[in-house]
Amino acid sequence: MLPRLFVDTPLAELHPHSDTDVAGPIELVLPAGAARHVQVLRLQPGAALNLFDGSGFDWQAEVLRMGRSEVVVQLHSRQLVHRELAHAVRLCVVMPANDRMDGVIEKATELGAAAVQPLMSERSVLRLAGERAEKKQAHWQGVAVAACEQSGRSVLPRVEAVSPLQQWLKSLPPVTAQQRRWLLSPTAARPLRELAAAQPEATSTLVLSGPEGGLSPAEEQAARDHGFEAVQLGPRILRADTAPLAVLGWLALQSV
């Protein structure tokens, strides 16, 4: 399998009028991150690789020149790659402790999430603000990039800025018939399959998952006030980093 690398350069702007072959040779100096990856892989001039910029295309390319820090490639053709879910799913997760959020981001990307919203609630152990929150967001976006490279996705999911739950809820627009909003709760009466079947017209889903110990009663009520419907995932109590991925995996299988 060819090496597959993300580049934070809008490749389509280099040749925006063709969905297949590139008209004439196009050379590109790889951004620093992708160049380091090529060097770590010990690729040599003439080696083939695939590039993607998050726009939905894979670009076939070839290494032309290798310098001490600069890597130049030539783009040959591009192909539209469709590996996204039929319905956009946004995971809204109260951040678990002990760096388990890295795993949530990685697996959510592999399973097809369109975005991940890290949240803080009353019972949160992990609390982030200011520069520390910005650094974590950038780190998690990098985790999503690596998961895209591995899983074959050509659309990069967004990792949103860390937000307090109540503030984030107030920022949401009114719910529409096209959007499902699910609140994961072990005490909910309706199972996932039943709730999904009752909303066949929806084209996107927000999944809100709380911390270990769950959301407070006031937070659950605030979520309901903003259009979230409580849903339960069965008789077992799932950890904060397991429950949202279980829902996402179930939704991903509906798209197969």
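Of the 256 residues of the protein, 49% count as buried in this predicted model. The C-alpha trace spans about 60 × 40 × 30 Å along its principal axes. Seven helices and 12 strands make up the secondary structure.

**Helix H2**

Helix H2 covers residues 100-111. From its first C-alpha to its last, this 12-residue helix reaches 17 Å, close to the 16 Å expected at 1.5 Å a residue. The buried residues of H2 are Arg-100, Met-101, Val-104, Ile-105, Ala-108 and Thr-109. Their cover includes strands S6 (88-94), S7 (115-120) and S8 (158-159), together with helices H3 and H7 (243-254). After the helix comes Gly-112, with a positive phi near 110 degrees.

| Helix pair | Angle | Distance between axes |
|---|---|---|
| H2 and H3 | about 35 degrees | 8 Å |
| H2 and H7 | about 10 degrees | 10 Å |

With an angle of about 10 degrees between them, H2 is roughly parallel to H7. On the H2 side, this contact uses Val-104, Lys-107, Ala-108 and Leu-111, and on the H7 side Leu-245, Leu-248, Gly-249 and Ala-252. By type, the residues of the contact of H2 with H7 are six nonpolar, one polar and one charged. Val-104 and Ala-108 are also among the buried residues of H2.

Helix H3 runs from residue 130 to residue 151, and its crossing with H2 is right-handed. H2 contributes Met-101, Asp-102, Ile-105, Glu-106, Thr-109 and Glu-110 to the contact, while H3 contributes His-139, Trp-140, Val-143, Ala-144, Ala-147, Cys-148, Gln-150 and Ser-151. Seven of the residues in the contact of H2 with H3 are nonpolar, four are polar and three are charged. Of the H2 residues named here, Met-101, Ile-105 and Thr-109 are buried.

**Ala-113**

Ala-113 sits in the loop between H2 and S7. Its relative accessibility is 0%, so Ala-113 counts as buried. Leaving aside residues up to four places away in sequence, Ala-113 touches Val-89, Ala-108, Arg-153, Pro-157 and Leu-248. Val-89 is 24 residues from Ala-113 in sequence, and the two C-alpha atoms are 5.2 Å apart in space. Two of the other partners, Ala-108 of H2 and Leu-248 of H7, also take part in the contact of those helices.

Ser-209 belongs to strand S11, which spans residues 204-209. Its relative accessible area is 3%, and Ser-209 is therefore buried. Residues up to four places away in sequence aside, Ser-209 touches Cys-92, Val-93, Val-94, Leu-184, Ala-240, Ala-243 and Pro-244.

Is Arg-42 buried or exposed? Arg-42 has a relative accessible area of 69%, over the 50% cut-off, so this residue is exposed. Arg-42 lies in the loop between helix H1 (32-40) and strand S3 (48-52). Most residues other than glycine have a negative phi. Arg-42 is not a glycine, yet its phi is positive, at about 60 degrees.

Note on methods:
Residues numbered from 1 in each chain as written. Predicted model: local features only at pLDDT ≥ 70, side-chain atom pairs only at ≥ 80, totals over all residues. Heavy atoms only, no water. Axes fitted to C-alpha atoms, helices over the stretch in contact; angles between N-to-C directions. Helix = DSSP H or I, 4+ residues; strand = E, 2+ residues; numbered from the N terminus. Left-handed = near helix turned anticlockwise from the far one by under 90°. Contact = heavy atoms within 4.5 Å. Nonpolar A, V, L, I, M, F, W, Y, C, P; charged D, E, K, R; others polar. Expected span 1.5 Å × (residues − 1). Buried < 20%, exposed > 50% of the residue type's maximum accessible area, 1.4 Å probe, protein only. Parallel < 35°, antiparallel > 145°, perpendicular 65-115°, else oblique.
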